[in-house]
Amino acid sequence: MSSSERLPILKTFKLFINGAFPRTESGRTMIVNAADGAAIAHLCLASRKDLRNAVAAARTAQSGWQKRSAYNKGQVLYRMAEMLEGKSAEFLGAGCEPIEITEAIDRLVAFAGWADKYPQILGCANPVAGPFHNFTIPEATGVVGVIAPDELPLLGLISLIAPVLCAGNSVVALGSSAQPLPTALFAEVCATSDVPAGVVNLLTGQVYALIAHFASPRDVDAIHAGGCNTEDTRTLDMGAAENLKRVTVRDLVADQWYQRRDCHSPYWIESFVEMKTLWHPLAT
Amino acid sequence: MSTNSTNSSTPALDFGQKWKLDAAPETTPVQIADEYGLFINGDFRAALSGQTMVTINPATEEALAQFAVAGLADVDAAVAAARKALPAWQQLPAVERGKYLYRLARRLQERAREFAILETMDGGKPIKESRDVDIPEAAKHFFYHAGWADKLDYAFPNRQVEPVGVCAQIIPWNFPLLMAAWKIAPALACGNTVVLKPAETTPLTALRLAEVLQEIKLPAGVVNIVTGGGETGAALANHPDVNKVAFTGSTEVGKTLAAAAAGTGKKLTLELGGKSPHIIMEDACLDQAIEGVIQGIYFNQGHVCCAGSRLLVQESILAEVMQRLELRMKTLRVGNPLDKNTDVGAINSAAQLQIIQDYIRVGQEEGAELCTPTQGELPEVGFWQAPCFFKGVQPVHTIAREEIFGPVLSVLSFRTPEEALQRANQSPYGLAAGIWTDKGSKMFSLASRIKAGVVWCNSYNRFDAASPFGGFKQSGFGREGGRHGLRAYLNLKS
């Protein structure tokens with residue numbers, strides 16, 4: 001029997017919500033083509049309802065993730081780097097350049113390291129004029145919506161997710177609309193990386209269809225987006241007028257996503273923490 | 001603290017005739033001009049709009065002065081002055097920039113009494129508060145930020161900083177001079193220029209601050225002050241040549257400003273409303289806790305964004321806390337704000353008094369029990385609300401959810417620390433919280449889970465220029481004070 005007759009098993013890609021792989025409730029898919037035009041994958045076209053389910057899962061999971069020790073959060077991010085390294089070949093097959101994959105892995109490692117350090121950089125003790133201990137500590141903002149840029153579908157996504165996770169937030173991310181396959185593969189990395197269910201939720205779909213629904217819900221506390229045009233940015237900014245969402249849009253293009261000085265900095269975490277100042281009397 | 005000594009163990013205070021203290025009004029004369037112009041490019045000028053308003057003393061309803069209302073053209077001129085002054089101010093050696101702020105702090109300290117009286121006359125707050133809190137803290141804010149001017153390179157490690165540019169700053173009427181200081185001091189220290197709009201009911205101390213800016217020879221245009229109402233504020237915030245909008249006020253207006261700024265690239269910081277929980281656990285030191293509650297809600301007539309307006313008391317001590325609170329409130333003196341003995345002054349405006357009275361009516365209609373223990377008659381003229389609290393408030397009641405911004409406390413109870421936490425966080429706001437307990441682990445367990453930007457442990461309503469202030473959730477974003485407050489006035493460059 002000739003081996004050429006064996007039919008390969010194709011993977012069915014689904015969304016990643018609450019640690020599981022559900023199909024989109026919309027029942028709609030988009031086709032990813034190879035260079036020769038052949039269909040290589042059918043991906044879910046996430047709907048507003050999928051987004052809502054993902055936000056609900058992220059809300060439920062957030063406080064537990066925040067409560068994990070900083071050391072533990074760092075190890076989970078490092079585990080994501082380990083799993084991504086092991087899956088490099090699949091991301092190559094999905095069209096990512098080798099350098100994009102290695103940089104994405106290193107970015108996860110960078111934020112794995114920040115998890116138990118950024119509070120010392122961003123927080124401080126305050127010398128008030130009175131008999132009080134006074135200190136300011138960063139705390140997670142909550143549920144963060146991530147909209148990844150079209151270009152650099154793996155590196156862009158991870159650059160936006162890692163600083164958010166590092167600070168104890170949960171994430172609902174819409175991957176690159178133009179190249180969604182790496183997002184679907186990254187879901188498998190998350191599923192095998194000890195990330196608690198619901199802490200990372202990944203959607204594939206079209207940014208134009210979903211962006212307003214990221215901006216409006218009151219149960220999304222912040223937005224981290226890249227690759228936005230002026231109108232997209234305005235749409236997201238309007239979310240602040242809804243429930244005072246913290247909206248951060250990165251205006252990086254192409255190779256700028258490789259600049260570690262920016263993208264590995266704790267100032268990317270700063271946008272997704274709230275500063276809490278505690279006053280405690282000294283014995284007098 | 002024994003928890004079963006709920007009644008009769010605490011004797012009522014009987015002052016007899018000794019309670020009739022002599023009035024001790026502050027008598028230092030303060031000159032107030034009949035008319036004030038806009039402070040633009042270092043000089044006072046009449047408004048191009050030709051419009052004026054009158055500011056009154058809310059304790060007497062007497063007119064204090066007429067002031068200009070800035071229209072679009074006036075705001076335009078102020079922003080242009082700030083833009084023109086920006087390059088030279090930015091290029092000034094940082095040490096010199098700081099010296100202007102040091103000078104300003106010192107001059108404010110020298111003129112503190114005059115400022116305190118003026119603040120009390122224009123806004124209605126007790127002189128002991130303007131004298132001991134508003135004015136000294138304003139001076140401290142300038143002194144603190146003066147020292148940052150030449151140290152900004154150390155504030156954000158591994159980053160170069162640059163000023164944001166022209167800052168539009170809109171402030172409320174509850175701490176008129178102090179809010180002006182909170183806004184102007186960090187902006188100037190970071191090398192920005194400013195257009196400030198004070199509130200329409202309390203413009204006088206900001207205008208007097210403008211006189212001090214002339215005295216200390218601050219370069220023209222670095223700070224411009226435009227007076228007026230909401231339209232002036234909107235014109236300023238929406239001005240296309242403004243790089244940053246800083247606003248302190250209501251959440252409703254804050255959202256409008258956020259919508260207006262959407263897509264413009266303007267930097268925005270918002271310090272908005274609150275309905276802050278004030279929690280007393282059964283093991284708290286009650287003498288101190290009651291003082292904290294008084295300080296938390298009746299300070300400045302409750303016109304405080306972080307007022308501890310939701311008192312959450314553990315059920316086992318509820319009766320005792322209510323009794324002690326009532327007793328303590330009987331000694332609160334309400335009246336002439338210029339009297340040094342006055343604890344609670346006048347409500348800032350007729351409009352605010354109406355809002356407060358409406359909430360009190362709604363509170364009663366929804367079934368909560370109103371208690372107004374303070375003694376003595378309220379003055380016949382002026383705007384007055386006796387400090388009061390509501391018993392039997394349910395979390396769904398309007399007075400448990402909405403900001404009243406007056407001397408009205410809503411008392412709720414809880415059984416377990418978990419329930420206290422759940423109730424505390426049951427609000428779209430997240431500005432501040434207070435916790436009273438003698439047990440450290442309980443304190444920090446709650447403090448770390450309450451969603452609030454400021455948590456006062458066994459204390460309340462403490463402020464300091466070195467301590468960041470600002471909210472979680474719909475209480476706004478950005479911090480004021482401390483190193484974190486600088487962040488709102490700087491762009492970071494790699």
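The structure is a predicted model. Chain A contains eleven helices and ten strands, and 55% of its 284 residues are buried.

**Overall form of chain A**

- The radius of gyration of chain A is 20 Å, which agrees with the value near 19 Å that a compact globule of 284 residues would have.
- Of the contacts in chain A with a separation of 6 or more, 76% are between residues 24 or more positions apart.

- Chain A has an accessible surface of about 11800 Å².
- Carbon and sulfur atoms account for 54% of that accessible surface.

**A strand pair in chain B**

- Strand E20 of chain B comprises residues 490-493.
- The covered face of strand E20 in chain B holds B:Leu490 and B:Leu492, while its uncovered face holds B:Asn491 and B:Lys493.
- Strand E6 of chain B, residues 160-163, runs antiparallel to E20(B), and four bridges join the two strands.
- Within this pairing, B:Glu162 has B:Asn491 of E20(B) as its bridge partner; B:Asn491 belongs to the uncovered face of that strand.

Definitions and conventions
Residues are numbered from 1 along each chain as its sequence is written. Chains are lettered from A and ligands numbered from 1 in the order in which they are written. This is a predicted model: local features need pLDDT of at least 70, side-chain atom pairs count only at pLDDT 80 or more; totals for chains, interfaces and linings use all residues. Side-chain values use heavy atoms; hydrogens and water are left out. The radius of gyration is taken over C-alpha atoms; the globule rule is 2.2 Å times the number of residues to the power 0.38. Buried means under 20% relative accessible area, exposed over 50%, partly exposed in between (1.4 Å probe, protein chains only). Contact means heavy atoms within 4.5 Å. Accessible areas come from the Shrake-Rupley method with a 1.4 Å probe; for residues, only the protein chains shown count as cover. Two strands pair if DSSP finds at least two bridges between them.
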